[in-house]
Amino acid sequence: MILYGSSLSPFVRKVLAVAGEKKIQIELRPTGSAPGHPSAEFLEVSPFRKMPGLRDGDYTLADSSAIVHYLEAKQPEPAMIPSDPRLRGKTIWYDEFADTILVACGSKIFFNRIVRPRFLGLPCDDAAVREAELNDLPPILDYLERVVPSEGYLVGDKLSLADIAVASPFANFRHTKTNVDPDRYPRIRAYVDRILARPSFSEWIEREAALLAREPA
């Protein structure tokens, strides 16, 4: 099974973490030789150039949530999507919230602080970063501080896609040194630290940090 993308993407990282929790062997491959130059094999999997894309034999699929549902059906245990209707509904909500609202905010910061200077040779748009940090991020964090548990998991009594989807973008906040104030958001800080410390996440995050610590080519 091949996954195309970079684990620096919260969407790719989400799929890798789900695969890791399920002990599914998956090979991560880049989308092309350089940013903006997708390979033919990636375009076959993801015709609209969105990461991640999956190839499982002659089967191809794009979109992180679609891929997670495929993995869940292919290998049901351990379940990442609860069967209980209410728990399943909440899990899908948190996945959607993370993929749209949370990642949209985080991407503004990550793109400007890391992608533009490191991979595109362009200066950081500091105004866009400030706008995201001052206006976009606080309401999101205020919401999460109310709903994340002081211990345990977001949905039910075990890890689910909800936890993986919500925690994944916070690895990029770490990479961009975005401040999540521990005095204002203690529950978020403790919750995210617990989830990202799991082996399904930590191995990839360590690799990402090592990559970003190197001087750009």
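In which sense, left-handed or right-handed, does α1 pass α6? The crossing of α1 with α6 is right-handed. A crossing counts as right-handed if the near helix is turned clockwise from the far one by less than a right angle, and left-handed if anticlockwise.

This is a predicted model, in which local features need pLDDT of at least 70 and side-chain atom pairs count only at pLDDT 80 or more, while totals for chains, interfaces and linings use all residues. Residues are numbered from 1 along each chain as its sequence is written, and side-chain values use heavy atoms, with hydrogens and water left out.

**Helix packing**

Two packed helices are described by the angle between their axes and the distance between the axes. Axes are lines fitted to C-alpha atoms, for helices over the stretch in contact, and angles run from 0 to 180 degrees between N-to-C directions. Helices (H or I, at least four residues) and strands (E, at least two) are DSSP runs, numbered from the N terminus.

| Helix pair | Axes come within | Crossing angle |
|---|---|---|
| α1 (residues 10–22) and α6 | 9 Å | roughly 130 degrees |
| α4 (residues 85–119) and α6 (residues 161–175) | 9 Å | roughly 10 degrees |

The angle makes α1 oblique to α6. Angles under 35 degrees count as roughly parallel, over 145 as roughly antiparallel, 65 to 115 as roughly perpendicular and the rest as oblique. On the α1 side, the contact (heavy atoms within 4.5 Å) is made by Pro10, Arg13, Lys14, Ala17, Val18 and Glu21. Residues of α6 in this contact include Leu161, Ile164, Ala165 and Ser168. By class, the contact of α1 with α6 has eight nonpolar, three polar and three charged residues. Ala, Val, Leu, Ile, Met, Phe, Trp, Tyr, Cys and Pro count as nonpolar, Asp, Glu, Lys and Arg as charged, and the others, Gly among them, as polar.

α4 and α6 are roughly parallel to each other. Among the α4 residues that meet α6 are Tyr94, Phe97, Leu102, Ile109 and Phe110. The α6 residues that meet α4 include Ala162, Val166, Phe170 and Phe173. The contact of α4 with α6 has 15 nonpolar, four polar and one charged residues.

**The sheet**

Four strands form an open sheet in the order β2-β1-β5-β6, with mixed pairing. β2 (27–29) and β6 stand at the edges, each with a single partner strand, so one side of each is left without a neighbour in the sheet. The twist averages 20 degrees from one strand to the next. Strands pair if DSSP finds at least two bridges between them.

β1 (residues 2–4) and β5 are antiparallel, over three bridges. Leu3 has Leu54 of β5 as its bridge partner, and Tyr4 has Gly53. β5 and β6 (residues 59–62) also run antiparallel, joined by four bridges. Here Leu54 is the bridge partner of Leu61. The two strands form a hairpin with two residues between them, and Gly57 in the turn has a positive phi of about 65 degrees.

In β5 (residues 53–56), Gly53 and Arg55 point one way, Leu54 and Asp56 the other, and all are buried. Buried means under 20% relative accessible area, exposed over 50%, partly exposed in between (1.4 Å probe, protein chains only). α1 lies across β1 and β2, at about 165 degrees to β1.

**Around Leu154**

Leu154 sits in the loop between α5 (126–147) and α6. Leu154 is buried, at 13% relative accessible area. Beyond its neighbours within four places in sequence, its contacts include Tyr94, Val147, Ala162, Val166 and Tyr191. Leu154 and Tyr191 are 37 residues apart in sequence and 9.4 Å apart in space, C-alpha to C-alpha.
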